[in-house]
Amino acid sequence: MNTAVIILPTYNEVNNVTSLIHDIFNVTKQITTWNIQILVVDSSSPDGTAKEIVKLQKQYKQLHLLETPKEGLGKAYTRGFKYAVGKLNTDVVFEMDADHSHNPKEIPNFLSQIDQGSDFVIGSRYIPGGSIPQNWGIHRKIFSIVGNLIVRLGFMKFSITEWTNGYRAIKRWVIEKHMDDLENYTGYVFQVALIDNAIKSNARIREIPIHFIDRTKGVSKIDSIEYITQTLLYVFQHSSFIKFCIVGGIGFIVDFGISFLLIEIFTGSVVFATMVSAELAIISNFIFNNYWSFAYKKLEHGNESLLWSFIKFNLVASGSIVIQAYGMHLSTSWLGESYWYVYKVFIIVLIIIPYSYVLYNKLIWKDT
Ligand code: GDD
Ligand code: MN
């Protein structure tokens, strides 16, 4: 029988964790096809959470306790993952809050998605059937919704609606593959990093709806300012889309700079200079995209497809020149030429950027 370990990170949850563990085992005793264990990872809570767990262990032999220093939620999870994989030899790990925000009744739904072939099941508050608490203040609602939206936009990954909530079931291979990277994220941003890593290794990700219940006992440990900064920084550093936009900007500078040199300094012909500078910009874009924006799926040197990919890249770039020229022709003939630069910006932002990004991902740096 396969094993699933439910990890409950705790920091001062003495008034929540005992009743939650009873609730979880009540639900899971009805599951016959999985061996379910609970691992509490307690970061030296001064309120005596760990002592409660030790008492409960007399009642439940499937209950484990890992005591760690206070180093943040991400660190607690990576330590818990290591223990679950190494010591408990688990096949699946669960993430779950220990403050009753996540209803244990959903556990069987997570497992049935795993049984059907998912590698990573996310409990989402933002798909039909899921919800955030009605009684949350407006700023907290906005914080949560906008936060998830920024991450989705930054990664240009709209199929995943929930990046932050920590109610998940994850197959062992995903954890093992990314353990080294995950150790870099000690705080709540760890949750975003875990999904980002899973996407990049093509894990089969599935969302199921959950209702998030506000805690009634104890207080939240989240440090909002730190969390927002770390999340924005993470997205900025790891988003292929943002890097792709920066590479486009570098391409523009290369194009413009070389044209300027050839025309103004070397008094070359405008047509010749334009051709040379455009191709050099294409080459620079190709290299930067390959070794930076899409480095995690980079095309290797010596591989025959590198040349072929470069040819396709040139074709996509030629396509964008044609689209831009046609767009400029249409817009200026409708609206006059006085504001041509405004139209150009609109065409680049609304058409060229999405067009190139989608085609690069579909034709050149493919996802699988
Ligand atoms: N071991 C350990 N160490 N546990 C911790 C730590 C820590 O440093 N910090 C927080 N926890 C535990 C809490 O005791 C709780 O069980 C769980 O992690 C969630 O923390 P809360 O303090 O309840 O934070 P929240 O409700 O604001 O967090 C929610 O939103 C986050 C970001 O959207 C949860 O859904 C988190 O899972 C989510 O990452
Ligand atoms: Mn909470």
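Select His100 first: at 23% relative accessibility, this residue counts as partly exposed, where partly exposed lies between buried (under 20% relative accessible area) and exposed (over 50%), with a 1.4 Å probe and protein chains only. His100 is found in the loop between β4 (92-95) and α4 (107-115); helices (H or I, at least four residues) and strands (E, at least two) are DSSP runs, numbered from the N terminus. Its phi is near 70 degrees, a positive value in a residue other than glycine.

The model is predicted, with local features requiring pLDDT of at least 70 and side-chain atom pairs counted only at pLDDT 80 or more, while totals for chains, interfaces and linings use all residues. Residues are numbered from 1 along each chain as its sequence is written, chains are lettered from A and ligands numbered from 1 in the order in which they are written, and side-chain values use heavy atoms, leaving out hydrogens and water.

**The whole chain**

Next, display the entire protein chain. Its secondary structure comes to 12 helices and 7 strands, and its C-alpha trace spans about 85 × 50 × 35 Å along the principal axes. Of the 368 residues, 47% are buried. The chain exposes about 18,800 Å², and carbon and sulfur atoms supply 63% of that area; accessible areas come from the Shrake-Rupley method with a 1.4 Å probe, and for residues only the protein chains shown count as cover.

**Ligand 1**

Now select ligand 1 and the residues around it. It is surrounded by 25 residues, a residue being near when one of its heavy atoms lies within 4 Å. The closest are Glu13, Ser43, Asp97, Arg215 and Lys221.

- A polar side-chain atom of Ser43 is 2.7 Å from a nitrogen atom of ligand 1.
- A backbone N or O atom of Thr164 lies 3.0 Å from an oxygen atom of ligand 1.
- A side-chain N or O atom of Tyr188 is 3.1 Å from an oxygen atom of ligand 1.

Taken alone, ligand 1 exposes 730 Å², of which the protein buries 96%.

Select residues 190-200, which form α7. Is this helix enclosed or open, and why? Because 10 of its 11 residues are buried, α7 is largely enclosed by the rest of the structure. Among the buried residues are Phe190, Val192, Leu194, Asp196 and Ile199.

Move on to Asn202, in the loop between α7 and β7 (205-209). Just after α7, this residue takes a positive phi of about 60 degrees. Asn202 counts as partly exposed, at 39% relative accessibility.

Select Ser320, in helix α11 (residues 304-335). Ser320 counts as buried, with 12% relative accessibility. Which residues does Ser320 contact, leaving aside its neighbours within four places in sequence? They are Ile352 and Tyr355, contact meaning heavy atoms within 4.5 Å.

Finish at Val349, which lies in helix α12 (residues 340-364) and counts as partly exposed at 47% relative accessibility. Together with Tyr339, Trp340, Tyr341, Val342, Val345, Phe346, Leu350 and Ile351, Val349 makes a nonpolar surface patch of about 910 Å². Patches are made of residues with over 30% relative accessible area and no salt bridge, like charges being joined within 9 Å and nonpolar side chains (Val, Leu, Ile, Met, Phe, Trp, Tyr) within 5 Å; a salt bridge is a side-chain nitrogen of Lys or Arg within 4 Å of a carboxyl oxygen of Asp or Glu.

Definitions and conventions:
A polar contact is a pair of N or O atoms within 3.5 Å; within protein, one must be able to donate a hydrogen and the other to accept it, and residues adjacent in sequence count only if both atoms are side-chain atoms.
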